[in-house]
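Please look through the model below before reading on. The points that follow take up a few places in turn.

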Amino acid sequence: MYSDSSQKKRTKPVTLSTLNQMKLDKEKITCLTSYDASFTHVMNVAGVDTILVGDSLGMVIQGQDSTLPVTIEDMCYHTAAVKRGNTNAFILADMSFMSYSKPEQALDNAAKLMQAGANMVKLEGGSWLADTVKLLSQRGIPVCAHLGLTPQSVHKLGGYKVQGKGQDAADLLLQESLDLVAAGADILLYECIPTELGKTLTDAVPVPTIGIGAGHHTDGQVLVMHDMLGINLGHTPKFVKNFLTDGRNVTQAFEAYVADVKATTFPGPEHGFK
């Protein structure tokens, strides 16, 4: 049974092996975005398992209207800052828009992120990424594949819409998941898909799954830190919950998030899609 005290006593760094074992043990994986050393330190204290250095920094840090203006240099800068504040969490770093349009380009930019301090890189896309994922995997770079709603493709998708609705769309998402795992993807992240599809996909793949707006059945959950602290400057997505309430400070908000994810009380039905 999860408890705050046991989580805080984690003395060994979280590794990919740790995350794979958590899937087998059915212990939920917690993830939050961070972009600097200070918040990363607090997340470590609160027991957050994994930290995503997200290209969401374009909106919440830089004030952009999308993630597209973020560069690989931006990502390396913030990854290095997070690394300096980190002790035990596993660090994922986003590869920015058009930084992996070709496999060799992806390898060069992924190497920069790993040298900056990432433990894994995250790429958005489906089966077309298989050759890139295979190349990175063969070179010893762990990969998280981001499927469903992919913000870097928001203009092509026609906006921020739920993906995987209908049998054909669900079947395609499943096939793309299997293709990416076969190519070497170590984690799959699903954004804005129906809750039951999140369960189907999680049951079908051997690697950990992390969801955001994908229901409670995925192996883990991620939220943008600013969203879960209630300081989102724009529209608040359905899948977001404000944890900085009831007189909590920031550390306690992170602890509450960890506790709720571990206990499977977050996300609730109201945070999911049909």
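1. N109 touches I72, M95 and S99, leaving out residues up to four places away in sequence; contact here means heavy atoms within 4.5 Å. N109 is found in helix 6, where helices are DSSP runs of H or I of at least four residues and strands are E runs of at least two, numbered from the N terminus. N109 counts as buried because its relative accessibility is 8%; buried means under 20% relative accessible area, exposed over 50% and partly exposed in between, with a 1.4 Å probe and protein chains only.

2. The model is predicted: local features need pLDDT of at least 70, side-chain atom pairs count only at pLDDT 80 or more, and totals for chains, interfaces and linings use all residues. Residues are numbered from 1 along each chain as its sequence is written, and side-chain values use heavy atoms, with hydrogens and water left out.

3. Helix 6 covers residues 103–116 and has 14 residues. From its first C-alpha to its last it reaches 20 Å, close to the 20 Å expected at 1.5 Å a residue (the expected span is 1.5 Å times one less than the number of residues). Its buried residues are A106, L107, N109, A110, L113 and A116. Among the elements that cover them are helix 5 (72–85), strand 3 (90–94), strand 4 (120–124) and helix 7 (130–138). Just after helix 6, G117 has a positive phi of about 135°.

4. Which residues touch the most other members of the largest nonpolar core? They are L113, V121, L188, L223, F254 and Y257, in a core of 84 residues. Such a core is a set of buried Ala, Val, Leu, Ile, Met, Phe, Trp, Tyr and Cys residues joined through side-chain atoms within 4.5 Å. Helix 12 (residues 250–262) gives the largest share of this core, 6 residues.

5. Apart from neighbours within four places in sequence, L223 is in contact with C31, L32, T33, I212, M228, F239, V240, K241, F243, Y257 and F266. L223 also lines the largest cavity, together with G211, I212, G213, Q221, V222, F239, F266, P267 and H271. Strand 7 and strand 8 are the elements that give two or more residues to this lining, and strand 8 gives the largest share, 3 residues.

6. How many cavities of 30 Å³ or more does a search of the whole structure find? The search finds 1. The largest cavity holds about 40 Å³ of space. On a 1 Å grid over the protein atoms alone, a cavity is a set of points where a 1.4 Å probe fits but cannot get out, while a pocket is an open set with protein on both sides within 12 Å along at least five of seven lines; lining residues have an atom within 4 Å of a point. A volume is the space filled by probe spheres set on the points, which are joined across faces, edges and corners.

7. The second largest pocket has about 440 Å³ of space. Its lining has 21 residues, and G125, G126, G148, T150 and S153 lie nearest its centre. Helix 9 gives the most to this lining, with 4 residues.

8. A214 sits in the loop between strand 7 (209–212) and strand 8 (220–223). A214 counts as buried because its relative accessibility is 0%. Not counting residues up to four places away in sequence, A214 touches Y190, I193, P194, T195 and G198.
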